[in-house]
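Okay, thanks for coming, everyone.

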Amino acid sequence: MQDSRVDRPPISRLYERLQRERGDIEPDIPMYRRILDSLYEGDVIFRLSDASALREKIGRAAERLDNISKTVLALPFAPGSREEALKKAIRLACVSYIKERMLSIPPLPVEEEIKKIQVRRRQETARREERERLLALEAYERYELLQAGNADPSSASYNNGSSGTQAGAATGANSTADPLIDQINIVKGYIRQAREAMRFEEVATLEQNLGELTQEFYNRQRLGSQ
């Protein structure tokens with residue numbers, strides 16, 4: 001029994017090759033655009049070399065499609081026959097696909113431009129994180145002021161003529177019902193001690209920890225107010 005694929009006319013086999021080539025390259029076209037969008041947004045997920053390699057792949061596929069469709073067009077058929085019209089239609093459709101889908105993809109960006117965008121993106125991210133850190137710190141400071149204003153004076157101890165300030169400090173040293181607030185207070189105490197001892201590396205690390213804790217506090221307060 002002969003293979004049915006061998007029995008098919010050349011135009012059918014060539015058309016199947018065209019379809020396979022199109023099917024193989026089609027997913028790469030939107031991916032190329034996605035990579036460019038990512039680069040122009042300053043992301044570092046993809047590299048310019050990724051876009052370049054994919055663009056070359058699309059270009060090679062366009063050449064193969066063009067060559068196959070030219071082979072289809074060169075097939076000998078009787079003038080005016082259905083096959084003659086079919087091969088011209090296949091060639092025309094292939095040229096249209098190459099032009100509209102493959103040759104229309106955007107050019108590669110300039111490397112220096114991408115580097116500038118990435119630097120600007122990092123700066124914007126740093127500014128946004130700093131704003132969020134300050135907002136979080138302000139939210140916690142407002143909470144502290146509110147708690148101090150709501151403190152019950154009768155709960156303070158005035159033994160041996162102790163001042164109200166000393167009593168307030170003693171009250172502040174006590175733990176609260178909120179583990180997050182307790183942790184913030186503890187870290188703030190560590191920062192004060194490290195700063196007084198001029199252990200500035202430790203201060204930097206603790207300030208970062210404090211920022212994370214106050215950010216968590218700020219996020220919780222914001223969610224609670226919604």
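So, the crossing of α2 and α5 is left-handed, meaning that the near helix is turned anticlockwise from the far one by less than a right angle, with clockwise being right-handed. Keep in mind that this is a predicted model: local features need pLDDT of at least 70, side-chain atom pairs count only at pLDDT 80 or more, and totals for chains, interfaces and linings use all residues. Residues are numbered from 1 along each chain as its sequence is written, and side-chain values use heavy atoms, with hydrogens and water left out.

Back to our pair. Helix α2 is residues 10-25, helix α5 is residues 82-102, and they pack at about 15 degrees with axes 12 Å apart. The axes are lines fitted to C-alpha atoms over the stretch in contact, with angles from 0 to 180 degrees between N-to-C directions. Helices here are DSSP runs (H or I, at least four residues), numbered from the N terminus. That makes α2 and α5 roughly parallel, a label for angles under 35 degrees.

Who touches whom? On α2 the contact residues are Ile11, Tyr15, Leu18, Arg22 and Ile25, and on α5 they are Glu83, Leu86, Lys87, Ile90, Cys94, Tyr97 and Met102, with contact meaning heavy atoms within 4.5 Å. By class, that contact has nine nonpolar, no polar and three charged residues. For the classes, Ala, Val, Leu, Ile, Met, Phe, Trp, Tyr, Cys and Pro count as nonpolar, Asp, Glu, Lys and Arg as charged, and the others, Gly among them, as polar.

Now, salt bridges. The rule is a side-chain nitrogen of Lys or Arg within 4 Å of a carboxyl oxygen of Asp or Glu, and the count comes to 13.

One of them pairs arginine 101 with glutamate 26, closest N and O atoms 2.3 Å apart. Arginine 101 sits in helix α5 and glutamate 26 in the loop between α2 and α3, 75 residues apart, so this pair links distant parts of the chain. Arginine 101 is partly exposed at 31% relative accessible area, and so is glutamate 26 at 27%. Buried is under 20%, exposed over 50%, partly exposed in between (1.4 Å probe, protein chains only).

Then there's arginine 220 with aspartate 178, at 2.4 Å between the closest N and O atoms.

Terms used: Helix = DSSP H or I, 4+ residues; strand = E, 2+ residues; numbered from the N terminus. Parallel < 35°, antiparallel > 145°, perpendicular 65-115°, else oblique.
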